[in-house]
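Dear colleague,

I am passing on to you the structure we spoke about, and I would ask you to look through it slowly before reading my notes. What I found follows below it.

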Amino acid sequence: MTSYVKRIIDRLLSIQDRFYPETKEYYKMGTGKVALVRIVGIDGDSVLLKCDGYRITYASDEDQPVHVFRMTVDTFLNILSGEEDLREAMAKGHFIIENASTGTVDIVELEKWAKAFERLRGLILRYSKLLKKG
Amino acid sequence: MKKIGVVSGKGGVGKTTVSASLALGLARRGYRVGLVDLDLTGSNIPDVLGRRELGVSDNDMLIPSEHDNIKYVSLGQIIGDGDPVLWDPKDVRSAARQLFERTLWGELDYVVFDFPPGFEAETLEMLPLMDYVLIVTVPSALSRSKVERMVEACREYQIPIIGVVENMVYMRCPSCGAPIKVFNEDHGFEEHGIPTIARIPLDPTIASRKVIEDFPVDKVLEAMKRPIILQRKPGVKRKLLELLLRVIA
C-alpha cells in the first residue's frame, strides 16, 4: 500500500508536471552535486526528492547529494502552503541536515529549494483556479 | 527558581547594565538572586560586579562569586581579561549550559541571564529554557529590526515576555536640563501588546556606576504576573492546501 507521504508527493508532482510542457523553458538541469529533500511521513516512511532547476522529482540512488534536508511531512506542508518559508524553517530548526560533508548548510542549495517550493506553490494555486473554472 | 533572560537582537543597547540593575533591585527587595553572564565571547558582568576568581567544589561544581547579595558566574572570571574566546560554536553552546547547570547556586528565587546580542550560539542554547524574557532596545531603526527578530523568536518558543526597556532614549541638556532625543525615533512594541517597562536616559552617572540605581524592579515584578505570550500565526494557508489535496485525490 502506498504510504501517506508518497500519496501526497505523487499528487503534488502530478500537478507540477501538468504544467511542465508550457513552462519547460524555466527548467535548467542542475550539474554536479545537489542537496536533496527527505520528507518523512507520520508512519515513518519517507521519500527523497531532488530539484533540477526548479522542477522537483524523485531522487534516484545515483544522486550524490552534498547533504539532505530532512523534514517531516508536517513541516513540508507548512512550507509548501506558504505558512512558513524554507529559510525561516531552517532558522527555527524545523528540519535537520543529514550527511553535511562540510558540517554546514549549502546556502545556494537552500535558496534553490526555497525557490522550488515557492514555484510549486504557484503551480498549485494555478491548478486550483483551473479546478474552480471547471 | 524563575529564569529571566535579558535579551536583545542588537549589541551595545545596555543588556548588561539592565541585567545587573534588575538583579541588584531584586536582591535589595530580599529575593535570592543569581546572575549568569551568557555572553561568553564578550563577557561584561565581571566589569560591573567585580572580576573575582570562581571557586570549584569537591564535586566539580563552580562556586559563584557574590556581590551585593547577587551570586554570579561569568566565563570572564575563568578566561583572562582581554583574552579572546576563539571557540567553536558547539563548545560555546555547551559552556553556556554548563555555566548555569554546573554552578552551586543553592536556593534561589530568580536567576537573571545576561544574553549576548543576536542569535549567537549561547542564545540558541539557552533562550528556549527561559521562563521570562525582558527585551532591551534603543529607539533606533537599526535596533528595531533586530529586536523584532527576537520578539518573533519568543513567539516561536512561546516564552512569556515581561516587557521592553528602551535605553538611551534621551539625554539632558547640560545647560538648561531639557530632554534631547538621542535617536529621532520612538517605538516600543505596544502593537504586539508588549508593555514598555522603562525609558532610560543616556546618563553619565549610569555609565560610570554601570548600574541603574532606580531601575523599576517593581514594575518588572508586576508585569511578570501578566506576561505577554505571543500567539503563533494561524495556519489558514495550510488548511487550504490540505483541502485542495483532498479535492485532487
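What percentage of the 134 residues in chain A do buried residues make up? Before I answer, please keep in mind that this is a predicted model, and that everything below was computed from it. Buried residues make up 31% of chain A.

Among the contacts in chain A with a separation of 6 or more, 74% are between residues 24 or more positions apart.

Helix 4 of chain A, which covers residues 107-133, includes A:Ala116, and this residue counts as buried because 21 other C-beta atoms lie within 10 Å, where the cut-off is 20 or more.

On the side of helix 1 of chain A the contact is made by A:Leu12, A:Ile15, A:Gln16 and A:Arg18, while helix 4 of chain A brings A:Leu120, A:Leu123, A:Ile124 and A:Tyr127. Sorted by class, the residues of this contact between helix 1 and helix 4 of chain A are 6 nonpolar, 1 polar and 1 charged.

Let me turn to where the two chains meet. The contact takes 12 residues from chain A and 12 residues from chain B. Helix 1 (4-18), helix 2 (73-81) and helix 4 of chain A each supply at least two residues to the side of chain A that touches chain B, and helix 2 of chain A gives the most, with 4 residues. That side of chain A is made up of 5 nonpolar, 4 polar and 3 charged residues.

In chain B you will find an open sheet of 8 strands, in the order 5-6-2-7-1-8-9-12 and with mixed pairing. Strand 5 (65-67) and strand 12 (196-199) of chain B stand at its edges with a single partner strand each, so one side of each has no neighbour in the sheet. From one strand to the next, the twist averages 25°. Strand 9 (residues 161-166) and strand 12 of chain B run parallel and are joined by 3 bridges, and B:Val164 has B:Thr196, in strand 12 of chain B, as its bridge partner. Helix 5 (residues 141-157) of chain B packs on the sheet, where it touches strand 1 (2-7), strand 8 (132-137) and strand 9 of chain B, and its direction makes about 170° with that of strand 8 of chain B.

Finally, the largest nonpolar core has 66 residues, and those that touch the most other members include B:Val6, B:Leu22, B:Phe113 and B:Val133. Helix 1 (residues 15-28) of chain B gives the most to this core, with 7 residues. Apart from this core lies another, of 30 residues, among them A:Ile8, A:Leu12, A:Ile56 and A:Leu86.

With best wishes

Technical notes: Residues are numbered from 1 along each chain as its sequence is written. Chains are lettered from A and ligands numbered from 1 in the order in which they are written. This is a predicted model: local features need pLDDT of at least 70, side-chain atom pairs count only at pLDDT 80 or more; totals for chains, interfaces and linings use all residues. A residue is buried if 20 or more other C-beta atoms lie within 10 Å of its own, exposed if 12 or fewer, and partly exposed in between; C-beta atoms are placed from the backbone. Two residues are in contact if their C-beta atoms, placed from the backbone, lie within 7 Å. Ala, Val, Leu, Ile, Met, Phe, Trp, Tyr, Cys and Pro count as nonpolar, Asp, Glu, Lys and Arg as charged, and the others, Gly among them, as polar. Two strands pair if DSSP finds at least two bridges between them. Axes are lines fitted to C-alpha atoms, for helices over the stretch in contact, and angles run from 0 to 180 degrees between N-to-C directions. A nonpolar core is a set of buried Ala, Val, Leu, Ile, Met, Phe, Trp, Tyr and Cys residues joined through C-beta atoms within 7 Å.
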